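Take a first look at the fold below. Then read on, and keep the picture in view.

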Amino acid sequence: FPGALPSHRMAKQASKLLEKHGYNDTNTLLTTSLSSDEVNRDIEDEMRQHFGNAYAIGGLAGFAFGGVVGFGNMAHHIPNGGHGLVFYGPHVGIDFDMTVGKVNRPGQKESSECCGPALAALEYCRRVKAGEVGEIGTPEDITESQYTWICHELLPMTDRILKEDGEEAQRIQLTTSLYDAQDAMMGRILAKAKDQIREDTKIAFLGGITINTPEGSAEYFLPKKFVVMDNKGTVLADLLGELLAVKAIVPSRKSKLMGGNPGGVFGHKTYG
């Protein structure tokens with residue numbers, strides 16, 4: 001994931017850039033659409049340090065299941081004279097062995113899948129393409145709705161994922177495809193809910209991919225969109241280039257973190 005930044009550095013730089021557009025820690029409402037997975041609370045906390053408590057509209061795999069109603073409700077919670085920041089996107093794990101799609105979780109002896117629901121949805125889509133199962137219909141029970149909709153969103157992108165050579169390449173393409181689907185979904189939500197945004201309010205969208213790492217290691221975030229919009233959805237500023245200018249050293253397979261040392265390749269000490 002070239003261009004990925006340590007989450008603490010990314011959050012700090014995003015805050016500095018937004019200050020130039022009238023954002024501060026008292027007039028901003030942070031909204032998150034991140035996966036329900038507990039490993040994503042670290043990067044959420046990094047953002048909260050700069051922008052305060054978050055209004056959450058995300059569910060499994062990071063999709064904004066709060067939808068139009070959730071976004072509109074959030075818009076009514078923005079401080080008077082203040083602005084909104086929507087932080088969104090899927091996530092993927094990388095464990096101590098640099099295996100993409102897995103992460104070492106506290107209290108578990110072996111690494112586990114990350115993002116599990118996304119990988120399960122990809123397996124379903126693979127079986128549909130192979131003619132082994134039929135397509136899932138509209139969910140009939142609320143308990144199945146989020147996973148079902150992930151499958152629906154992923155199915156049109158399955159061919160481009162499966163044409164990648166090897167499991168790791170497919171998992172990387174899966175994560176990128178999930179971002180594309182979620183970014184498009186966010187656009188549909190904004191188009192339907194923008195009338196709920198006050199005239200003097202700006203909405204910033206910071207979208208990308210969270211890269212989860214083992215406990216005690218720095219998380220990473222790959223920004224793919226960072227724009228400030230007015231209440232009509234018109235882009236006032238594109239800040240992505242300035243955010244990506246915060247360079248970061250990304251560990252290679254030849255420099256694995258050994259022995260769980262928090263000051264090693266993944267650790268915060270490497271980056272200050």
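This is a predicted model: local features need pLDDT of at least 70, side-chain atom pairs count only at pLDDT 80 or more; totals for chains, interfaces and linings use all residues.

Residues are numbered from 1 along each chain as its sequence is written, and side-chain values use heavy atoms, with hydrogens and water left out.

Start with the whole. The protein has eight helices and ten strands. Helices (H or I, at least four residues) and strands (E, at least two) are DSSP runs, numbered from the N terminus. The radius of gyration is 19 Å, close to the 19 Å that the globule rule gives for 272 residues, so the protein is as compact as a globular protein of that length. That radius is taken over C-alpha atoms, and the rule is 2.2 Å times the number of residues to the power 0.38. Along the principal axes, the C-alpha atoms fill a box of roughly 50 × 50 × 30 Å.

How much of the protein counts as buried? Of its 272 residues, 50% do. Buried means under 20% relative accessible area, exposed over 50%, and partly exposed in between (1.4 Å probe, protein chains only).

Now go inside. A nonpolar core is a set of buried Ala, Val, Leu, Ile, Met, Phe, Trp, Tyr and Cys residues joined through side-chain atoms within 4.5 Å. The largest one has 49 residues. Phe71, Val86, Leu154, Leu174, Phe205 and Ile211 touch the most other members. Elements that give two or more residues to this core include α3 (67-75), β4 (83-88), α7 (167-193) and β8 (203-212). The largest share, nine residues, comes from α7. A second, separate core has 24 residues, among them Ala14, Tyr23, Met47 and Leu85.

Look for Phe205. Phe205 counts as buried, at 4% relative accessibility. Leaving aside neighbours within four places in sequence, its contacts (heavy atoms within 4.5 Å) include Phe71, Val86, Tyr88, Met186 and Leu190.

Next come the rings. The structure holds four aromatic pairs. Rings of Phe, Tyr and Trp (its six-membered ring) pair if their centres lie within 6.5 Å; planes under 30 degrees apart count as stacked, over 60 as edge-to-face and the rest as tilted. Phe63 and Phe65 have ring centres 6.1 Å apart and planes at 50°, so this pair is tilted. Phe63 is buried at 2% relative accessibility, whereas Phe65 is partly exposed at 26%. Phe71 and Phe205 form a stacked pair, 6.3 Å centre to centre with 5° between the planes. Phe71 lies in helix α3 and Phe205 in strand β8, so the pair ties together parts that are 134 residues apart in sequence. Phe71 is buried, with a relative accessible area of 0%.

For Cys115, the nearest cysteine sulfur is that of Cys114, 6.5 Å away. For Cys125, it is that of Cys151, 5.5 Å away. Cys115 counts as buried at 5% relative accessibility, and Cys125 counts as buried at 0%.

Finish at Gly137. Gly137 sits in the loop between α4 and α5. At 42% relative accessibility, Gly137 is partly exposed. Not counting residues up to four places away in sequence, Gly137 touches Thr148 and His152. Gly137 and Ile211 are 74 residues apart in sequence and 31 Å apart in space, C-alpha to C-alpha.

How values were computed:
A disulfide is a pair of cysteine sulfur atoms within 2.5 Å.
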